[in-house]
Number of protein chains: 2
Amino acid sequence: MDPSAPAAPQRALSESGDIAATLYVCVTCLAGEDRETVPRAGRRLHDALADAQRRQDELPKFRIVEAECLSNCNRGCSVALTGPGRWSYVYGDLGEASVDDLLAGASRYAATTDGLVPWRERPAIFRRGVIARIPPSPSPV
Amino acid sequence: MDPSAPAAPQRALSESGDIAATLYVCVTCLAGEDRETVPRAGRRLHDALADAQRRQDELPKFRIVEAECLSNCNRGCSVALTGPGRWSYVYGDLGEASVDDLLAGASRYAATTDGLVPWRERPAIFRRGVIARIPPSPSPV
């Protein structure tokens with residue numbers, strides 16, 4: 001993919017018709033850095049993830065979306081994986097070094113129907129960095 | 001409500017047609033207790049919540065549902081509040097003493113459309129016990 005064509009990834013997402021999962025990245029996270037650090041650690045993680053996803057050859061199976069505070073400030077940087085009908089997960093202790101594992105782990109999550117990736121198939125950053133998980137919302141009564 | 005009629009709350013839930021929120025309670029939580037303690041701390045919290053909700057006069061605005069492990073084992077007991085189109089929250093450091101505040105906080109959550117209760121209207125157990133939050137799932141592309 002031509003990195004000079006920033007609109008392409010959005011087209012790919014829309015055309016795939018199969019984006020059931022979302023990777024939220026907390027872009028306000030300081031991750032212990034000084035408040036004046038610009039860009040913030042969370043923003044750097046988000047941008048590194050988005051750049052790396054754009055460079056991949058295959059169509060993305062999940063969206064990368066900015067979030068403002070996932071309330072996991074003590075163990076940021078933080079991301080959340082979610083999707084309709086799926087268990088949602090929050091992961092912490094992340095940084096720019098986590099990008100490749102994050103993309104791989106999110107792809108495996110997106111390939112499930114319920115969000116439950118077998119333990120041994122989860123990247124180490126997910127196994128040791130899980131903060132919490134939430135069952136899928138039941139259908140309204 | 002007659003406490004001798006255990007089926008009534010379920011009928012109330014089904015008939016209300018307005019149950020948009022779910023309070024998940026981790027019933028497997030040990031909360032630091034010995035593994036042999038029966039019932040477990042999480043089970044006791046769930047049952048106390050369900051009993052207290054049944055004793056309330058008004059129709060419940062949220063469901064109380066058992067969950068197996070919310071992956072917040074270091075700060076259990078744990079609950080999660082979630083609902084379609086809403087921010088989801090995980091709370092920890094809870095116990096049977098939290099029941100009344102939990103029911104009040106969950107009712108306020110259920111009364112919102114986006115899951116965002118103003119900070120000052122959240123019970124103290126929510127303000128100090130928040131573990132993480134997750135934005136609502138965007139609609140599939």
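A polar contact is a pair of N or O atoms within 3.5 Å; within protein, one atom must be able to donate a hydrogen and the other to accept it. The exercises below concern a predicted model.

**Exercise 1. The interface**

Task: State how many residue pairs are in polar contact across the interface of chain B and chain A, and describe the side of chain B that touches chain A.

Solution: 

Step 1. With both residues at pLDDT 80 or more, the rule finds eight residue pairs in polar contact across the interface of chain B and chain A.

Step 2. Six elements of chain B each supply at least two residues of the side that touches chain A: helix 1 (8-16), strand 1 (21-26), strand 2 (62-67), strand 3 (79-82), strand 4 and strand 5.

Step 3. Strand 5 of chain B gives the largest share of that side, five residues.

Step 4. Sorted by class, the side of chain B that touches chain A holds 20 nonpolar, ten polar and three charged residues.

Step 5. Salt bridges are then counted between chain B and chain A, and the count is zero.

Step 6. For the extent of the interface, 33 residues of chain B are in contact with 33 residues of chain A. The two chains bury about 2500 Å² between them, with 61% of it on carbon and sulfur atoms.

**Exercise 2. The cavities**

Task: Find how many cavities of 30 Å³ or more the whole structure has, and say which residues line the largest cavity and the second largest cavity.

Solution: 

Step 1. The search of the whole structure returns three cavities of 30 Å³ or more.

Step 2. The largest cavity has a volume of about 70 Å³. Its lining is made of B:Leu81, B:Tyr89, B:Tyr91, B:Gly105, B:Arg108, B:Tyr109, B:Gly115, B:Val117, B:Arg122, B:Pro123 and B:Phe126.

Step 3. Assign that lining to elements: strand 4 (88-91) and helix 3 (99-110) of chain B are the ones that give two or more residues. Helix 3 of chain B provides the largest share, three residues.

Step 4. Class by class, the lining of the largest cavity comprises seven nonpolar, two polar and two charged residues.

Step 5. Turn to the second largest cavity, with a volume of about 40 Å³. The residues that line this cavity are A:Leu81, A:Tyr89, A:Tyr91, A:Gly105, A:Tyr109, A:Gly115, A:Val117, A:Arg122 and A:Phe126.

Step 6. In chain A, strand 4 (88-91) and helix 3 (99-110) each supply at least two residues of the lining of the second largest cavity. Six residues of this lining are nonpolar, two polar and one charged.

Note on methods. Residues numbered from 1 in each chain as written. Chains lettered and ligands numbered in written order. Predicted model: local features only at pLDDT ≥ 70, side-chain atom pairs only at ≥ 80, totals over all residues. Heavy atoms only, no water. 1 Å grid on protein atoms, 1.4 Å probe; cavity = no way out; pocket = protein on both sides within 12 Å on 5 of 7 lines; lining within 4 Å. Points joined across faces, edges and corners; volume = space filled by probe spheres on them. Helix = DSSP H or I, 4+ residues; strand = E, 2+ residues; numbered from the N terminus. Nonpolar A, V, L, I, M, F, W, Y, C, P; charged D, E, K, R; others polar. Contact = heavy atoms within 4.5 Å. Buried area = accessible area lost by both parts, 1.4 Å probe. Salt bridge = Lys/Arg side-chain N within 4 Å of Asp/Glu carboxyl O. Polar contact = N/O pair within 3.5 Å; in protein donor to acceptor, adjacent residues only side chain to side chain.
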